[in-house]
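Here are my notes from going through the model you sent over.

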Amino acid sequence: MDHSKAPVLEALQAFRELGFTPFNPPGHRQGRGVDPRVLDVVGEAVFASDVISVNGLDDRLMRNGVIERAQQLMADAVDADQAFFSACGSSLSVKSAMLSVAGPHEKIIIPRHVHKSVVAGLILSGVSPVWLSPHWDAERHLSHPPAADEVRKLFEAEPEAKGMLLVTPNDYGTCGDIQAVADVCHEFGKPLIVDEAWGAHLPFHPDLPQWGMDAGADEAYESFDRREDGWLKTVLDVA
């Protein structure tokens, strides 16, 4: 694939060059309807780049394939079978990932140091957590992801659990042994979801810790921009 292409940026550039005045969201009309006091603080560029994909970057039927081509490039870049873009940071994708593994009143193994979006997802979905404690490092005052032997013991104790969600890197930056945990999950015939919201950089340098898709995870999601809503990627190994 041609990784010199940037479908979303190219579509945004074309949108600007055509000079449209859209009558669909967002209501600021690429900055035309923004209070001047706001423009003095944040500038016009942030609004000029706020364009929706439908009737904006693409048409209502998505016939130009802007998002699809960008997702294909991302999947190819990180050697995944599929990649999906979503808004709202990883907080949205974690809910989708959990529901792809377990339904209401079904169980999933989850470490105690998950992001609050995971807890919100449990409440909204009705999925029941089987809690697993991370390792607290008293010397360094940070936590480490749980180890594979602890995951095995929990699957033995909770055989009805539908799968596991593993957080690595966690918000301290510590990484777990994804391959070992994935092996245990697959030994029990269960899928592994990896919350890699802090690890979007991992697949792009060989000296960094191994990332989920290269370590046997079945699903992983990453955040690429945490300053605003953010774009995130959910990648799936569908083999």
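**Notes on the predicted model**

1. Let's start with a helix pair. Ala 148, Val 151, Arg 152 and Phe 155 in α7 make contact with Ala 180, Val 181, Val 184, Cys 185 and Glu 187 in α8. By class, that contact splits into seven nonpolar residues, two charged and no polar. Keep in mind that this is a predicted model.

2. Now the geometry of that pair. Two packed helices are described by the angle between their axes and the distance between the axes. Here α7 covers residues 148-157 and α8 covers residues 178-187, and they pack at an angle of about 20° with axes 8 Å apart. Angles under 35 degrees count as roughly parallel, so α7 and α8 are roughly parallel to each other. Their crossing is right-handed.

3. On to empty space. Rolling a probe the size of a water molecule over the atoms shows where empty space is left. Searching the whole structure turns up one cavity of 30 Å³ or more, and the largest cavity has a volume of about 30 Å³. Its lining is made up of Phe 15, Pro 22, Asn 24, Pro 25, Pro 26, Gln 30, Val 51, Ile 52, Asn 55 and Gly 56. Six of the lining residues are nonpolar and four are polar, with no charged ones.

4. A few backbone details deserve a look. Most residues other than glycine have a negative phi, and most peptide bonds are trans. Which bond joins Pro 25 and Pro 26, cis or trans? It is a cis peptide bond, with omega at about 0°.

5. Although Arg 29 is not a glycine, its phi is positive, at about 55°.

6. Last one: the peptide bond running from Thr 168 to Pro 169 is cis too, with omega near -5°.

Terms used:
Residues numbered from 1 in each chain as written. Predicted model: local features only at pLDDT ≥ 70, side-chain atom pairs only at ≥ 80, totals over all residues. Heavy atoms only, no water. Axes fitted to C-alpha atoms, helices over the stretch in contact; angles between N-to-C directions. Helix = DSSP H or I, 4+ residues; strand = E, 2+ residues; numbered from the N terminus. Parallel < 35°, antiparallel > 145°, perpendicular 65-115°, else oblique. Left-handed = near helix turned anticlockwise from the far one by under 90°. Contact = heavy atoms within 4.5 Å. Nonpolar A, V, L, I, M, F, W, Y, C, P; charged D, E, K, R; others polar. 1 Å grid on protein atoms, 1.4 Å probe; cavity = no way out; pocket = protein on both sides within 12 Å on 5 of 7 lines; lining within 4 Å. Points joined across faces, edges and corners; volume = space filled by probe spheres on them.
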